[in-house]
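Try each task yourself before you read the worked solution.

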Amino acid sequence: MKRIIFLIFRLLYRIPGWLLTIHRYNKNKENISFSQRFYFIQELVRKVNQKSRVQIHCYGKENLPEEQGYLMAPNHQGLFDALILFGTHDKPFKFIVKKELMHVFVLKNVLHMVDALAIDRENIRASVKVIRQASKDMAAGTSYVIFPEGTRCRQQNKMLEFKGGTFKSVMAAKKPIVPVALIDCYKVFDNNSIEKVNAQIHYLPPIYYDEYKDMNSTEVAHMVQSRVEKCIQENENKF
């Protein structure tokens, strides 16, 4: 909480303008390209990151496939996860989020602006519709982020089990999966402090269709999680 208050004070002069622009973009979405909307939010997030007293350490950007239309699958540690992804992944992407986030003050406007897909885990029919839409988008060249745990893990650099259903959209599209390891991102907002912290993001080598084509979604989830877990174990004591 202290860091959030600290950021509000440091960025107070910018926040009204950002909110007005987000409102204007959402009001005229049909006339503003997704790329333009994405890059506005990305620039906003990068300014927030610069003021947050967080040293971001990014590794493996060279692993990202040149061709767009892949799924990034990070572990989920908290609020800073989305900020570090926006801050380090240069090309546009979309999120698949739980529907509850579409009702959070301000955040709902940002998610609407960047065309996030909301999934209702209690509604199978609606979930299938979202999976089909994401699969169609990935096949057409749009990259996505989804947190396979379904919710954040509150045990520092530990993880909850990755859910197989997370990967059905990318498997149907036959597109690459990029495992992403987030390390110490929980410290940014969970630690009630404004002390400088280090946060890591590792883009791991992609898993292409030929590697997972004979697997079911549960097996794919286990494979992705094991690679993320290995990276975390190897790097969590780096700083």
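**Exercise 1.** Which backbone nitrogen does the side chain of aspartate 81 reach? Find it, then describe the surroundings of aspartate 81.

*Solution.* Before starting, note that this is a predicted model, where local features need pLDDT of at least 70, side-chain atom pairs count only at pLDDT 80 or more, and totals for chains, interfaces and linings use all residues. Residues are numbered from 1 along each chain as its sequence is written, and side-chain values use heavy atoms, with hydrogens and water left out.

Step 1: Go to helix H4, where aspartate 81 sits; helices (H or I, at least four residues) and strands (E, at least two) are DSSP runs, numbered from the N terminus.

Step 2: Follow the side chain of aspartate 81 to the backbone nitrogen of glycine 78, at 3.0 Å.

Step 3: Look for a side-chain partner. Histidine 76 makes a polar contact of 2.6 Å with the side chain of aspartate 81 (a pair of N or O atoms within 3.5 Å; within protein, one must be able to donate a hydrogen and the other to accept it, and residues adjacent in sequence count only if both atoms are side-chain atoms).

Step 4: Check for opposite charge (Lys and Arg count as positive and Asp and Glu as negative; His and the chain ends are not counted). Aspartate 81 is buried but has no salt bridge, and the nearest side chain of opposite charge, arginine 152, is 6.9 Å away. Buried means under 20% relative accessible area, exposed over 50%, and partly exposed in between (1.4 Å probe, protein chains only). A salt bridge is a side-chain nitrogen of Lys or Arg within 4 Å of a carboxyl oxygen of Asp or Glu.

Step 5: List the contacts (heavy atoms within 4.5 Å). Not counting residues up to four places away in sequence, aspartate 81 touches Asn75, His76, Phe147, Leu182 and Cys185.

**Exercise 2.** Where is aspartate 184 placed, and with which lysine does aspartate 184 form a salt bridge?

*Solution.* Step 1: Find the loop between strand E6 (177-183) and helix H8 (186-190), which holds aspartate 184.

Step 1: Look at the backbone. Most residues other than glycine have a negative phi. Aspartate 184, not a glycine, has a positive phi of about 65°.

Step 2: Identify the partner. The side chains of aspartate 184 and lysine 187 form a salt bridge (3.7 Å, N to O).

Step 3: Compare accessibility. Aspartate 184 counts as buried because its relative accessibility is 4%, and lysine 187 counts as partly exposed because its value is 25%.

Step 4: Look around lysine 187, in helix H8. Leaving aside neighbours within four places in sequence, lysine 187 is in contact with Arg3 and Val197.
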